[in-house]
Amino acid sequence: MIKLHTNRTFLTEEHRKKVFPLLFDMHFLKNETLMEYYLLVDDVSECDVVVFPIDYASFLKHRKEFLTLQNDAKHHGKTIWIYSAGDYGFTNYIKNSITFRLGGFNSQLSDSTYIMPSFVNDPYKTQLPEGFSSLVKENKPSIGFVGHAQSGMFKYIKEFSNHLKTLVKRKLNKLVADAQPFYPSSIKRAKYLGKLNLSEQLNTSFVLRESYRAGVQTETDKQKTTQEFYENIFNNAYTFCSRGVGNFSVRFYETLAVGRIPILLNTDCRLPLPNTINWEKHCVIIEESKKESLEAQILEFHNSKTEAEFEALQNDNRKLWESHLVRHAFFIGIYNTFIEQNSKND
């Protein structure tokens, strides 16, 4: 069991949306499974890990409490776990710390940065009542996509303007996040989806929106577009996944949750639990820099699978999501990683 110490005064409704996800499950949800692996203790000298209770950027604003917890960890020689929320995230330089975040650039991240999955609800409990079943292999790969993808100079200017606004806002709030160059995500998606749509060797089912979630305003419209989104994933063996504002794709995890095969456009991504999960077995990772076209890379993966392997992969992806990528399962994976690393150091 890993013993955790934190400042419990931050585990309140006021900070609920910013709480470190593991602490959220333990304090608010009282997750019994996680409590078999983790225990909250009040005495820092008794703990294995000191946890910053809320998102790093928010906790920094509470200077006194931040420094107290940091100094307590340093004095007792304890590892610090830090949660960096949002699209951008922070790389901190606190010694003996591990940062948990959603994205970032793999080539720029240290080994002490752990990528978390986007924790999504089970679509078979909310949107797909028919339950999981695998699709048979077809000669032509069926690729789906429903989402924000639009080209044109006006769209480029709008996205660049939003990028500048974000940078100014963070600077005014004195939040120095990791530098992220401008990436026109919807334009990039439209570009690559357009190329794939022209291929005679692919069956494509693309619904391109002009704005995020089709700009829905009502709960009814939100439910409708979400239903369309998941039905598209369910009905196609593959789904095209690429980054948004941050360098990660929520759609990637939603596709795995449905038990389908993500096609991930690799923009220097780091994926969760890389020492546990062989990601190349579960998804098509396509590279812009390769000589082969995106179409050729997809076909190479598809043609390498027998009919039985193709159906088994879909089953494996659904099981992978259930066993490693839902919140409590991910932190069990982190527990195993922590124990393994400590045993090597002993």
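In which hand, left or right, does α7 cross α8? In this predicted model, α7 passes α8 in a right-handed crossing. The helices involved are α7, covering residues 219-235, and α8, covering residues 250-258; their axes sit 9 Å apart and meet at an angle of about 60°. That angle makes α7 oblique to α8. On the α7 side, the contact is made by Phe 229, Tyr 230, Ile 233 and Phe 234, while α8 brings in Arg 251, Glu 254, Thr 255 and Val 258. Sorted by type, the residues of this contact come out as five nonpolar, one polar and two charged.

Aromatic rings come next. A search of the whole structure turns up 29 aromatic pairs. One of them joins Phe 52 and Phe 66, with 5.0 Å from centre to centre and 55° between the planes, a tilted arrangement. This pair ties together distant parts of the chain, 14 residues apart: Phe 52 is in the loop between β3 (49-51) and α2 (56-60), whereas Phe 66 belongs to helix α3, residues 63-76. Both Phe 52 and Phe 66 are buried. Phe 66 also pairs with Phe 59; here the ring centres are 5.5 Å apart and the planes stand at 55°, so this pair is tilted too. Phe 59 has a relative accessible area of 0% and is buried, and for Phe 66 the value is 3%.

Helix α9 (residues 294-303) has its own buried set, made up of Leu 294, Gln 297, Ile 298, Leu 299, Phe 301 and His 302. What do these buried residues of α9 pack against? Their partners include the strands β7 (142-148), β9 (238-241), β10 (261-265) and β11 (284-286). Two helices join in as well, α6 (185-197) and α10 (307-325).

Finally, a look at the backbone. Most residues other than glycine have a negative phi. Lys 30 has a positive value, near 55°, and it is found in the loop between α1 (21-28) and β2 (38-40). With a relative accessible area of 49%, Lys 30 is partly exposed. Leu 273 is likewise not a glycine, yet its phi is positive at about 45°. Leu 273 sits in the loop between β10 and β11. At 8% relative accessibility, Leu 273 counts as buried, because the cut-off is under 20%.

Terms used:
Residues numbered from 1 in each chain as written. Predicted model: local features only at pLDDT ≥ 70, side-chain atom pairs only at ≥ 80, totals over all residues. Heavy atoms only, no water. Axes fitted to C-alpha atoms, helices over the stretch in contact; angles between N-to-C directions. Helix = DSSP H or I, 4+ residues; strand = E, 2+ residues; numbered from the N terminus. Parallel < 35°, antiparallel > 145°, perpendicular 65-115°, else oblique. Left-handed = near helix turned anticlockwise from the far one by under 90°. Contact = heavy atoms within 4.5 Å. Nonpolar A, V, L, I, M, F, W, Y, C, P; charged D, E, K, R; others polar. Phe/Tyr/Trp six-rings, centres within 6.5 Å; stacked < 30°, edge-to-face > 60°. Buried < 20%, exposed > 50% of the residue type's maximum accessible area, 1.4 Å probe, protein only.
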